[in-house]
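Trainee: Please take me through this model one feature at a time, and give me the cut-offs behind each term as we reach it.

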Amino acid sequence: MKLPERVTVYEVGPRDGLQNEKAIVPVEVKAEFIERLEDAGHRVIEATSFVHPKWVPQLADAEQLLTAITRKPGIRYPVLVPNDRGLDRALANGVDEIAIFASATETFANRNLNRTLDGQFEMFEPVVARALEHDVKVRAYVSMIFGDPWEGRTPVEQVVRVGTRLLDLGCHELSLGDTIGVGTPGQAADLIGAFPDPARLAVHFHDTYGQALANTLAALQAGVTVIDASTGGIGGCPYAESATGNLATEDLVWMLHGLGIETGLDLDKLVATSVWLAERLGRPSPSRVVQALADKDIPDAER
């Protein structure tokens, strides 16, 4: 197999993971979560979101969280920004990397953004332009890449059209999101192959049908080297009820290390972090690797 020597794991647990929790997680727990992720070796941690608190109350404390953490040199702390007002808040808090969130389907664009498929770009264009003026890097997510609950299967050419427009705006990276987890490895390979440059792509797989790791392997073989994952497999999408948890960071790292691919991550510390977080969320981690290793000889201090 043609595989990369090293992969960047783009950790989304503090944002995409916690945004779907029913309970509000205290800001001090979120800050410790991020500190533990840093200690485990993460160099990209999506910290929070500047979405209006009415829509995502779990992340209403974005400003307080960014004040509570110490942003360390060499570690990136991107935040999700939905619109101009969100960018204002990000800039006021010294953020140097943001992400925007687009849809590959008409229905989800309407439900999630209150825009049409083409109309969503009217919202993104000024955000990206102004961010770049302030030397803020912009990542783009495109969701529902393989299908959505209302329209069924998403045409490849439609995803490529939306994704290419986002890259052309000046986004440095495009994360392809299987929001409801319906994709399979063949679909992943076909979609990535339809883009001219896999080096500008990342993948964001949900594990609804147990295909996230298989899809990730297909993406690696297609040339992708940035993989989104969430510690403990927590998360989902609050605007798509059939979206289950993200690909678990621990499950991903177990596979990558087994393939001889470097990540810079300490699996034992990741497992200990998930055990610690599960205790605070009041439920066990859905990660299979966490379940397998949680009772092994990990030092108590790491739990």
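Mentor: Helices (H or I, at least four residues) and strands (E, at least two) are taken as DSSP runs and numbered from the N terminus. The model is a predicted one, in which local features need pLDDT of at least 70 and side-chain atom pairs count only at pLDDT 80 or more, while totals for chains, interfaces and linings use all residues. Residues are numbered from 1 along each chain as its sequence is written, and side-chain values use heavy atoms, with hydrogens and water left out.

Trainee: In which loop is Asn114 found?

Mentor: Asn114 has a positive phi, near 60 degrees, although the residue is not glycine. Its relative accessibility is 64%, so it counts as exposed (over 50%; buried is under 20% and partly exposed lies in between, with a 1.4 Å probe and protein chains only). As for its place in the chain, Asn114 sits in the loop between α5 (106-113) and α6 (120-133).

Trainee: Is Met144 buried or exposed?

Mentor: Met144 also carries a positive phi, of about 60 degrees, without being a glycine, and its position is in the loop between β5 and β6 (147-148). Because its relative accessibility is 0%, Met144 counts as buried.

Trainee: Which residues are in contact with Ser143, leaving aside its neighbours within four places in sequence?

Mentor: Ser143 belongs to strand β5 (residues 137-143), and its relative accessible area of 2% makes it buried. Contact here means heavy atoms within 4.5 Å. With those sequence neighbours set aside, the residues that Ser143 contacts are Phe101, Ala102, Ser103, Ala104, Phe108, Gly177 and Thr179.

Trainee: How is α2 oriented relative to α11?

Mentor: Axes are lines fitted to C-alpha atoms, for helices over the stretch in contact, and angles run from 0 to 180 degrees between N-to-C directions. Helix α2 (residues 27-39) packs on α11 with the axes 9 Å apart and at an angle of about 170 degrees. Since angles under 35 degrees count as roughly parallel, 65 to 115 as roughly perpendicular, over 145 as roughly antiparallel and the rest as oblique, the orientation of α2 to α11 is roughly antiparallel.

Trainee: Which residues of α11 does α2 meet?

Mentor: By class, the residues of this contact divide into five nonpolar, one polar and five charged, where Ala, Val, Leu, Ile, Met, Phe, Trp, Tyr, Cys and Pro are nonpolar, Asp, Glu, Lys and Arg are charged, and the others, Gly among them, are polar. From α2, the residues Val29, Glu32, Phe33, Arg36 and Asp39 take part, and in α11 they meet Lys269, Ala272, Thr273, Trp276, Leu277 and Arg280.

Trainee: What volume does the largest cavity have?

Mentor: On a 1 Å grid over the protein atoms alone, a cavity is a set of points where a 1.4 Å probe fits but cannot get out, and its lining residues have an atom within 4 Å of a point. The lining includes Gly232, Ala278, Arg283, Pro284 and Ser285, and by class it has five nonpolar, four polar and one charged residues. With grid points joined across faces, edges and corners, and volume taken as the space filled by probe spheres set on the points, the largest cavity comes to about 50 Å³.

Methods: On a 1 Å grid over the protein atoms alone, a cavity is a set of points where a 1.4 Å probe fits but cannot get out, and a pocket is an open set with protein on both sides within 12 Å along at least five of seven lines; lining residues have an atom within 4 Å of a point.
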